[in-house]
Every structure is written in structure tokens, then in C-alpha cells.
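Open the model in your viewer and follow the stops below in order. Each one says what to select and what is there.

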Amino acid sequence: MVKNNLKEYKERRDLKKSSEPSGKEKKEKLKHPVFVIQKHDASHLHYDFRIEIDGVLKSWAVPKGPSTDPKEKRLAAPTDDHPMQYATFEGIIPEGNYGAGTVMVWDLGTYENLRKEDNKEIPMEKCYDQGKIEIDIKGEKIYGGYALIRTGMKQDGNKAKWLLIKMKDDAADARRNPISTENKSVLTNRTLEEIEKESKD
Ligand code: MN
């Protein structure tokens, strides 16, 4: 079974110093299941790819962000589960705190599980455990089929290596490059610089 818990999330943070969600808040009204990509200007700029599985946001750090080209496999390093409320967190994680830097909600939407067996959906928890996730993403910048595939053997938890790959479908497009052409928040239409500046004011 997927180990779903927010223990690491809570242990790594002093939520008196950072305005990130505690994980105790009431549920927000979002369409489910949630898909979100946060652009995170931490010590290394990366994109946090998160999907709702069993009440938490399963998370991967994708250094280059997702591609719309099926030929481009993007490395996705699993990170801690995050609380659902994190999907709409945008702002600054203060200096000296875990993940210090600016966070932007780069894309937000929902997804549909594409994996079926005998005409029945394979539960997402099982897909995760098998290291094989195939979902139809309904974001604004990222959409269509995406696969998350765990590679190699004997790789557990946060040490495992996954690849994020655009599946071949109508939404596949080697000419699009939203990572470089669409660099504003899908929630507030702000750039990272604007979020940083406004959070400090
Ligand atoms: Mn991050």
C-alpha cells in the first residue's frame, strides 16, 4: 500500500515561520482529483508535479518541468506527500526554512486515471505502487495523456527514480514549450518576480 502521510511534510517545516498550509485546514472546494504543478524557485529552480491520490498530493520534483513532446522523458524525483490545501499555495517560503524560495501555481486542474484492467479502473494507489501511472491531465497549460514510470529496481520511497513522459495523443506537440513560453501563475497571472516582490511588500 502507498504510505500516505504528512509526517515528513510536518517534520521538515516550522509552520510558525512559513505560511505554507498546516494540513489541518478545512477542505477547499476544488474539483477532484486534483492535478497541480508549482514552479519553485528554491536553491535549484524546479517544477513540483503533484496529483491527488487517496487524500494527499503525491509529489515529484521535475527539474526541467513537463514536456509536450513524447520523445522528451523528464526526470521526476519523488518528494514528500503534501496536504491537499497545498495545491493553491503561492508565495514565499522564508529563508532558512525547508524549500526556501518563491512558489508559483504554474498549472492547476484535474486528471482522469487511464489505466484499466478488465474494463475496470485500476485504483490510483495500486498504479502508484506498481510504479506505472497513466493519466489524462486537464490543466490549462498541460493537458492530455501523461505517464509517470518508476525506473530501475530496488528503488523505494524518495530514492526511486521516475520519468514523466507525454503520451502519444492529440495533445502531443513537439513544437509547444509551455515551460518557456507560459511563465505566469494560472491563479494570479503573476510572474515569479511579481510574487516575490508582492509577498515582501
Ligand atoms: Mn519544490
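Predicted model: local features only at pLDDT ≥ 70, side-chain atom pairs only at ≥ 80, totals over all residues.

Residues are numbered from 1 along each chain as its sequence is written, and side-chain values use heavy atoms, with hydrogens and water left out.

**The whole chain**

Switch to a cartoon view. The chain has four helices and eleven strands; these are DSSP runs (helices H or I, at least four residues; strands E, at least two), numbered from the N terminus. Along the principal axes, the C-alpha atoms fill a box of roughly 55 × 40 × 35 Å.

Next, colour by accessibility. Buried residues make up 47% of the 201 residues, where buried means under 20% relative accessible area, exposed over 50%, and partly exposed in between (1.4 Å probe, protein chains only).

**The manganese ion**

Select the manganese ion. Its donors are H40 (ND1), H46 (NE2) and D48 (OD), at 2.2 to 2.3 Å. Donors are N, O and S atoms within 2.8 Å of the metal (3.2 Å for Na, K and Ca), and since water is not among the atoms, sites may look incomplete. Along the chain the donors follow the spacing H-x5-H-x1-D.

Are H40 and D48 buried or exposed? H40 counts as buried because its relative accessibility is 7%, and D48 is buried too, at 5%.

**Backbone stops**

Most residues other than glycine have a negative phi, and most peptide bonds are trans.

- Select H32 and P33: a cis peptide bond joins them, with omega about -10°. P33 lies in the loop between α1 (7-11) and β1 (34-41).
- Select D54, in the loop between β2 (45-53) and β3 (56-62). Phi of D54 is near 50°, a positive value, and D54 is partly exposed at 45% relative accessibility.
- Select D118, in the loop between β7 (116-117) and β8. Phi of D118 is near 50°, again positive, and the residue counts as exposed at 75% relative accessibility.

**Last stop**

Select P123, in the loop between β8 (120-121) and α2 (124-130). With a relative accessible area of 47%, P123 is partly exposed.
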